[in-house]
Amino acid sequence: MNRDQLLSLAYQTARQLGFDDEGARALVAVLLTEGAFRGEVGDQGNSFGPLQFHKRGMLPGFASALGVTVDQAGRIAQNVPELAIRWALSAYLGGAIRRGQEQGLRGAALAT
């Protein structure tokens, strides 16, 4: 999946999960900031997937949700980016976007 396909998939996934256009665009902005579109591993081998789940951050929660080890979750985040995006929207990132919208944030402020 190339960069544009991943961004389109992310936008569509957000809309399917009930986010409005602004919320879906905030997700796309976060993905662009993270910049991991081809399975890159960041933070000296500690961050995985399109949203760069860190081994001491969100990756353990992702692993727990999947019932796998942290190392397995890292590989899954890299190889099945749509699953990582869906989990983030259903967990921490989706909550942050919704709270930001409730506070009246829009555009770049919402994505931040």
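Which helix holds both D21 and R25, and how many residues apart are they? Both residues lie in helix α2, which covers residues 21-34, and they are four residues apart, about one turn of the helix. Helices here are DSSP runs of H or I with at least four residues, while strands are runs of E with at least two, and both are numbered from the N terminus.

## The model and its confidence

This is a predicted model, in which local features need pLDDT of at least 70 and side-chain atom pairs count only at pLDDT 80 or more, whereas totals for chains, interfaces and linings use all residues. Residues are numbered from 1 along each chain as its sequence is written, and side-chain values use heavy atoms, with hydrogens and water left out.

The term pLDDT stands for the predictor's confidence in each residue, on a scale from 0 to 100. The protein has a mean pLDDT of 94, and 100% of its residues reach 70 or more. Where pLDDT is low, the predicted coordinates should not be read in detail.

Residues are called buried under 20% relative accessible area, exposed over 50%, and partly exposed in between, using a 1.4 Å probe and protein chains only. On this scale R3 is partly exposed at 38%, whereas D4 is exposed at 51%.

## The loop between β2 and α3

The side chains of K55 and D71 meet in a further salt bridge, at 3.8 Å from N to O. Because K55 lies in the loop between β2 and α3 while D71 belongs to helix α4 (residues 70-79), the pair ties together parts that are 16 residues apart in sequence. K55 is partly exposed, with 30% relative accessibility, and D71 is partly exposed at 49%.

R56 is placed in the loop between β2 (53-54) and α3 (59-66), and with 78% relative accessibility R56 counts as exposed. The C-alpha atoms of R56 and V70 are separated by 9.7 Å, although these residues are 14 apart along the chain.

Note on methods
Salt bridge = Lys/Arg side-chain N within 4 Å of Asp/Glu carboxyl O.
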